[in-house]
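Here is a friendly note to keep beside you as you look at this structure for the first time. Please have the sequence and the 3D view open while you read.

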Amino acid sequence: PARGGGVVTIRGTNFGTSTAILVVRIGDQDCLTLGILIAQTALICAAPPGVSGLSPIYISVAGLDLTQQSAFRYDSPLVFSVEPASVRGIAGGQTLTVSGENFGVFDTSPAASITSNVRAGCAPSQWVSDSSIHCTVPPREFGA
């Protein structure tokens, strides 16, 4: 999940036997609770918070660095509900609350859109939390 905390196993070689010489990051965030499994061939950590999509993994063992691009995928956002479920009029300006999960644990300027007969971007969208976004309904064109 985007809020982090999932256990990640990284397999490879020459990781050493002490976490004191290791630095592991997913994206630009340090992995939490680093440990070494099978001597020198597997690392475990708790994924840090992130945003949906692919992130690089950075590993440093005693100052020897490796970055593997697009090596970790955070879950995509899921929408559970939108409140209110409908709005009246064409002027726009009403605030919708989009509830779900994996919107990220920090503001990444989310983009939301409304689809009925036409698709219109919210103006603006505002991140509230990992499970909530506010969307200001744009004006509708007459007849749309």
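1. A definition to begin with: on a 1 Å grid over the protein atoms alone, a pocket is an open set of points where a 1.4 Å probe fits, with protein on both sides within 12 Å along at least five of seven lines, and its lining residues have an atom within 4 Å of a point. A volume is the space filled by probe spheres set on the points, which are joined across faces, edges and corners.

2. A word on the source: this is a predicted model, in which local features need pLDDT of at least 70 and side-chain atom pairs count only at pLDDT 80 or more, while totals for chains, interfaces and linings use all residues. Residues are numbered from 1 along each chain as its sequence is written, and side-chain values use heavy atoms, leaving out hydrogens and water.

3. The protein chain has zero helices and 13 strands. Here helices (H or I, at least four residues) and strands (E, at least two) are DSSP runs, numbered from the N terminus. The C-alpha trace spans about 65 × 20 × 20 Å along its principal axes.

4. Now to the second largest pocket, which holds about 190 Å³ of space. It is lined by 13 residues, and Pro77, Asn102, Phe103, Pro110 and Ile133 are the closest to its centre. The lining has nine nonpolar residues, four polar and no charged. In this count Ala, Val, Leu, Ile, Met, Phe, Trp, Tyr, Cys and Pro are nonpolar, Asp, Glu, Lys and Arg are charged, and the others, Gly among them, are polar.

5. Is aspartate 130 buried or exposed? Aspartate 130 counts as buried because its relative accessibility is 14% (buried is under 20% relative accessible area, exposed over 50%, partly exposed in between, with a 1.4 Å probe and protein chains only). Its place is the loop between strand 12 (125-129) and strand 13 (132-136). Beyond its neighbours within four places in sequence, aspartate 130 has contacts (heavy atoms within 4.5 Å) that include Ala2, Arg3 and Gly104.

6. Do look at glycine 104 too. Its backbone nitrogen lies 3.0 Å from a polar atom of the aspartate 130 side chain, and its backbone oxygen is reached at 3.0 Å by the side chain of tryptophan 127. Tryptophan 127 sits in strand 12, and its side chain also reaches the backbone oxygen of serine 129 at 3.1 Å.

Key. A polar contact is a pair of N or O atoms within 3.5 Å; within protein, one must be able to donate a hydrogen and the other to accept it, and residues adjacent in sequence count only if both atoms are side-chain atoms.
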